[in-house]
Amino acid sequence: MMTDHSAIDYDNIRESVARNLGRKNLGWIEIVTRCFESIKEHCDQKNREYPRVFQIKQKFGELRIYLHEPEHDGPDYISLHINEACREANRSCEVCGNNCSQQWLGAWVRNLCCFCAHSEARRQQRDLSNYPLNANLDCSRKCTNCGYIGQLAHSPGRGDQQCVACVIESL
Ligand SMILES: [Zn+2]
Ligand SMILES: [Zn+2]
């Protein structure tokens, strides 16, 4: 029955997380797996039922975790843990776990570090110097070559600031 469905199988947490988030997204798989492992441990200790998970997904570059029965009596261990995992994911690359923030790739928002954003652009055969990331956003911390917003470095021999992936590619 559909109502019995849980996105997380507590006997195989990592595998269910990978199935929900996509196997390539190791950065977020790690964060969400750790989250549900400690929820499981907590429930075992308290003799509590495991929360049934309705959905785990990336939306607008943010991690969303929805439970079937959200708790009504204020925040407790489970929702605090889920909120903390979402906060951590929102500052971590989906693919590799590097520190980063949301990036616009055309119409899509993904949470990718500069290296993973570059490799995603290559996969899409998108030339970032002609079609940069975050084209619709104004930000002072923006790579002058590819549009990545985040950690920048001075590119050698040029006055401008570029993301680390662009600096390495220009060496
Ligand atoms: Zn990455
Ligand atoms: Zn760049």
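**Fold and packing of the predicted model**

Along the sequence, the elements of the protein follow the order α-α-β-β-α-β-β-α-β-β-α. The model is a predicted one. Five helices and six strands are present. The C-alpha trace extends about 65 × 30 × 25 Å along its principal axes. Of the 171 residues, 32% are buried. Contacts between residues at least 6 apart in sequence were also examined by range: 41% of them join residues at least 24 apart.

Packed helix pairs are described by the angle between the axes and the distance between them. For helix 1 (residues 13–21) and helix 2 (residues 26–46), the axes come within 9 Å and cross at roughly 140°. Helix 1 is therefore oblique to helix 2, as the cut-off for roughly antiparallel is over 145 degrees. The crossing of helix 1 and helix 2 is right-handed. Helix 1 contributes Ile13, Arg14, Val17, Ala18 and Leu21 to the contact. From helix 2 come Trp28, Ile29, Val32, Thr33, Phe36, Glu37 and Lys40. By class, eight residues of this contact are nonpolar, one is polar and three are charged. An α-helix has 3.6 residues a turn, so residues three or four places apart point the same way.

A hairpin is formed by strand 1 and strand 2. Strand 1 (residues 53–59) and strand 2 (residues 62–67) run antiparallel and are joined by six bridges. Valine 53 has leucine 67 of strand 2 as its bridge partner. Two residues lie between the strands. Phenylalanine 60, in this hairpin, adopts a positive phi near 50°.

Helix 4 spans residues 114–123. Its buried residues are Cys114, Cys116, Ala117, His118 and Ala121. The cover over these buried residues includes strand 3 (102–105), strand 6 (161–163) and helix 5 (164–170). Glutamine 125 follows helix 4 and has a positive phi, near 55°.

Tyrosine 131 sits in the loop between helix 4 and strand 5 (152–154). Tyrosine 131 counts as partly exposed because 14 C-beta neighbours lie inside 10 Å, whereas a buried residue needs 20 or more. Tyrosine 131 is 10 residues from alanine 121 in sequence, and their C-alpha atoms are 9.6 Å apart. Alanine 121 itself is among the buried residues of helix 4.

How values were computed:
Residues numbered from 1 in each chain as written. Chains lettered and ligands numbered in written order. Predicted model: local features only at pLDDT ≥ 70, side-chain atom pairs only at ≥ 80, totals over all residues. Helix = DSSP H or I, 4+ residues; strand = E, 2+ residues; numbered from the N terminus. Buried ≥ 20, exposed ≤ 12 C-beta atoms within 10 Å, placed from the backbone. Contact = placed C-beta atoms within 7 Å. Pairing = 2+ DSSP bridges. Axes fitted to C-alpha atoms, helices over the stretch in contact; angles between N-to-C directions. Parallel < 35°, antiparallel > 145°, perpendicular 65-115°, else oblique. Left-handed = near helix turned anticlockwise from the far one by under 90°. Nonpolar A, V, L, I, M, F, W, Y, C, P; charged D, E, K, R; others polar.
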